Amino acid sequence: MQCITPHRPYPLFDTATTQRIERHAAAALPAHTLMQRAGLAVAQLARALAPHARTIWIACGPGNNGGDGLEAAMHLHRQGLDVAVTWLGDPEHCPADARQSWQRAQQAGVALVKHPPALGPQDLCIDALLGIGLRPGPVPEPLLALLQQLYASPATLLAVDVPTGLQADTGQYVAGFFPSAATVPQHAPSAARHTLSLLTLKPGLFTAAGRDAAGTVWLDDLLTVPPAHEAPCAWLTGPPHPLPRPHASHKGSYGDVAVVGGEGLHARGMGMVGAAILAARAALHSGAGRVLVSLLGNTQLQLDIQQPELMLREFAALPLEQLTVVCGCGGGETVRTVLAQVLERSARLVLDADGLNAVASSESFQQSLQMRAQRGQTTILTPHPLEAARLLDTSAAQVQAHRLMAAQQLAQRFACVAVLKGSGTVVAAPGTTPWLNPTGNARLAAAGTGDVLAGMVAARWASGIHAPQAATEAVFAHGLTADQWPAKEALTAGLLAQSLLFS
């Protein structure tokens, strides 16, 4: 068993693949072996998470996830703990393995109760209701009631395999499990939340609502021999590789980044110069050799006093063919006046914010974007869900409903690298397995942090590494900086740009 932390990459497997692995393993082992191993793993983690628990309550569903919980109850009861189980199953109709675990729990003397016992913060409750055994249709009222009691408890919560109601492949809750399909249940603020993923890690634990639902994720593959080879549906990103900076190098060794954006105040009465400056500062602090800034709409700024290293340029003076270009940060409507040239001439292009919105609203710009790959020019798109929805001509809710799929659709449609931002940012490229990012937190939900990310991506890319790697490494470092930020200090985009944990 291992705790999943961002120190290395991990393969992620969807439900169908996990079920194939489970069938293959079960066929090679004596009956009931996998459930016995799962129950023991749950019991071991339960003791580790709540070593001073006076009471452990396990809510068990009617299927094999409930069987895992019953098996764990047997082990915990034999260890002298006060264990209470609420089981929604029926020994006459449950799966054979679950029936055997129910019999073992009965023989051990585990107490079956209709209602949860009183639990305190030192205690533990275990969600063994459904796991990946989620089925479409109305949610039984007894199951929903148990789930609400689990989330209302002040005790530490451990979910077996997948938190009940969460889709393992998407990280979204199924409608009907909570008052709103978009509402993540709020566990007691003082209580910790954990998930023990069995056999494989599932992508839904690391994106959309999954990160809040799962809490700390643990993995036990239950196997004593490696499973039959199955291709992952995604990878959980690991830390970036350090970029060497030899003594015998110079600013030209690390590439030139140009930021095109920052519509002036007089254009529409809504100045957005700061967005371009943030992206440029982030590129500079991320290691770019030189950073050029082309502000749009006749802005009067000629020098960034706080960052005089930034070189301001008129757009016509930019040699786009030689640069890694960030276009769109705060570009407003004015970005449309230069976007055709940016799409046609930029060798390497990071398209963000208003640049994405301009493409989404223009068939001509979309065709120009698609043509870039045919000319050997590479593009990285960095949309948030609403921008992605505009590009895909759908809704943000549909994008969020399956973030992995949406990122892959963007990459395929525009022949580019797509960085779908949000909780569990997804990086996808045509013909490759997508990556899910494990770093970052709600501190990044602030104006300007996306502009900072665009600058980071460009700097990493300008150094000479491939576009997908530049994107995944920049996203990881962006989130890690927020994760390591002092708890009592405010994090703004400006501070983020100047404090990047990027080597």
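# Briefing: cysteines, positive phi and a helix pair

Cys 60 is buried, with a relative accessible area of 0%. The model described here is predicted. Across the whole structure, a search finds zero disulfides.

**Cysteines**

- Cys 60 takes part in no disulfide. Its nearest cysteine sulfur belongs to Cys 94 and is 11 Å away.
- Is Cys 94 buried or exposed? Cys 94 has a relative accessibility of 6%, so this residue counts as buried. The cut-off for buried is under 20%.

**Positive phi values**

- Most residues other than glycine have a negative phi. Two exceptions follow.
- Leu 199 has a phi near 70°, a positive value in a residue that is not glycine.
- Where is Leu 199? Leu 199 sits in the loop that runs between β8 (193–198) and α6 (210–214).
- Leu 199 counts as buried because its relative accessibility is 12%.
- Asp 393 is not a glycine either, yet its phi is positive, at about 55°.
- Asp 393 lies in a loop as well, between α12 (385–392) and α13 (396–401).
- Is Asp 393 buried or exposed? At 71% relative accessibility, Asp 393 counts as exposed. The cut-off for exposed is over 50%.

**Helices α9 and α11**

- Two packed helices are described by the angle and the distance between their axes.
- Helix α9 spans residues 336–345, and helix α11 spans residues 363–374.
- Their axes come within 9 Å and cross at roughly 25°.
- How are α9 and α11 oriented to each other, roughly parallel or roughly antiparallel? Angles under 35 degrees count as roughly parallel, and therefore α9 and α11 are roughly parallel to each other.
- The crossing of α9 past α11 is left-handed.
- Which residues meet in this pair? On the α9 side they are Arg 336, Leu 339, Ala 340, Val 342 and Leu 343. On the α11 side they are Phe 365, Ser 368, Leu 369 and Arg 372.
- By class, this contact of α9 with α11 holds six nonpolar residues, one polar residue and two charged residues.

Definitions and conventions
Residues numbered from 1 in each chain as written. Predicted model: local features only at pLDDT ≥ 70, side-chain atom pairs only at ≥ 80, totals over all residues. Heavy atoms only, no water. Disulfide = S-S within 2.5 Å. Buried < 20%, exposed > 50% of the residue type's maximum accessible area, 1.4 Å probe, protein only. Helix = DSSP H or I, 4+ residues; strand = E, 2+ residues; numbered from the N terminus. Axes fitted to C-alpha atoms, helices over the stretch in contact; angles between N-to-C directions. Parallel < 35°, antiparallel > 145°, perpendicular 65-115°, else oblique. Left-handed = near helix turned anticlockwise from the far one by under 90°. Contact = heavy atoms within 4.5 Å. Nonpolar A, V, L, I, M, F, W, Y, C, P; charged D, E, K, R; others polar.
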